[in-house]
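Please keep the sequence and the structure in view while reading.

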Amino acid sequence: MKKKIMIVFLMVLLLGIGGFFFISKKMKEKNTTYNTQLNNREEAKKFASEYTEVSEENVFVYRTPDEIIEIMKHGTGVTYLGFPECPWCQFYVKYLNEVAKEVGIEKIYYTNTKELKATSMDKYNEIVHLLDGYLQYNDEGKPWIFVPNVTFIIEGNIIGNDYETSKDTHGLSEPGAYWTEEEVSALKQRLKKDMEQVLNSQKVCTSGCNQ
């Protein structure tokens, strides 16, 4: 009789311990998700304060140059390179954000290239190297990151890049004059095509899937 009671006691104890660890794990996952969402909202708010053409309901998250390099080498996602003092970037990100939300892209990884050039030309040049074949050339004939610049990556392979208005603005000095309804529509179609490829790959991604 005592043996049976002891067995029942041990079973209950084991179930209790198992339940405790299960609940603890779920609470930790919930807290991690909540903190991530909170951080994303704060970053979206910060981005909107810098890029005033987009609302706080945007998909942009800040990443260090090293993180951008890692995504380009091994990751899957969409990266945006630019800086808020660039008026052409201000307009471009508005349309980029609209397409991302329409397609279902939850994050676009952003780093400020103006700050990057001021702090680390080595890392800037590494990104230039990774984007080899997708960049325009400066007056010295060297590949250069003219912005805005958006790259679409699947498991470390670049499948698309767009830099409209980064250098050629059809001779126009004002973004508002450049972005006619026809130009906006053409841009959105290109962005949507590449974003859909990235999104579909994320659904079956087995490695290099960014959080």
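Does K94 count as buried or exposed? At 19% relative accessibility, K94 counts as buried. Here buried means under 20% relative accessible area, exposed means over 50%, and partly exposed is in between, with a 1.4 Å probe and protein chains only. This is a predicted model, in which local features need pLDDT of at least 70 and side-chain atom pairs count only at pLDDT 80 or more, while totals for chains, interfaces and linings use all residues. Residues are numbered from 1 along each chain as its sequence is written, and side-chain values use heavy atoms, with hydrogens and water left out.

K94 is also one end of a salt bridge: its partner is E53, and the closest N and O atoms are 3.6 Å apart. A salt bridge is taken as a side-chain nitrogen of Lys or Arg within 4 Å of a carboxyl oxygen of Asp or Glu. Because E53 lies in the loop between α1 and β1 and K94 lies in helix α3 (residues 87–103), the pair ties together parts that are 41 residues apart in sequence. Helices (H or I, at least four residues) and strands (E, at least two) are DSSP runs, numbered from the N terminus. E53 is partly exposed, at a relative accessible area of 33%.

The salt-bridge count comes to 8. Another one of them joins D66 and K123, with the closest N and O atoms 3.1 Å apart. D66 belongs to helix α2 (residues 65–74) and K123 to helix α5, so this pair ties together parts that are 57 residues apart in sequence. Both ends are partly exposed: D66 has a relative accessible area of 43%, and K123 has one of 30%. E140 and K142 also meet through their side chains in a salt bridge, at 3.7 Å from N to O. E140 counts as exposed at 63% relative accessibility, whereas K142 counts as partly exposed at 48%.

The aromatic residues come next. Rings of Phe, Tyr and Trp (its six-membered ring) pair if their centres lie within 6.5 Å; planes under 30 degrees apart count as stacked, over 60 as edge-to-face and the rest as tilted. The model has 13 aromatic pairs by this rule. In one of them, F47 and Y62 have ring centres 6.3 Å apart and planes at 70 degrees, so the pair is edge-to-face. This pair links distant parts of the chain, since F47 is in helix α1 (residues 2–50) and Y62 is in strand β1 (residues 60–62), 15 residues apart. F47 is buried, with a relative accessible area of 0%, and Y62 also counts as buried, at 17% relative accessibility.

A second pair is formed by Y124 and W144, whose ring centres are 5.0 Å apart and whose planes are at 55 degrees, so it is tilted. Distant parts of the chain are linked here too: Y124 is in helix α5 (residues 121–130) and W144 in strand β5 (residues 143–144), 20 residues apart. Y124 is buried, with a relative accessible area of 0%, but W144 is partly exposed, with 24%.

Back at Y62, this residue belongs to one aromatic cluster with F47, Y51, F60, Y80 and Y110. The charged end of K46 sits over the ring of Y62, 4.4 Å from its centre. The rule for such a contact is that NZ of Lys or CZ of Arg is within 6 Å of the ring centre and within 35 degrees of the ring normal.
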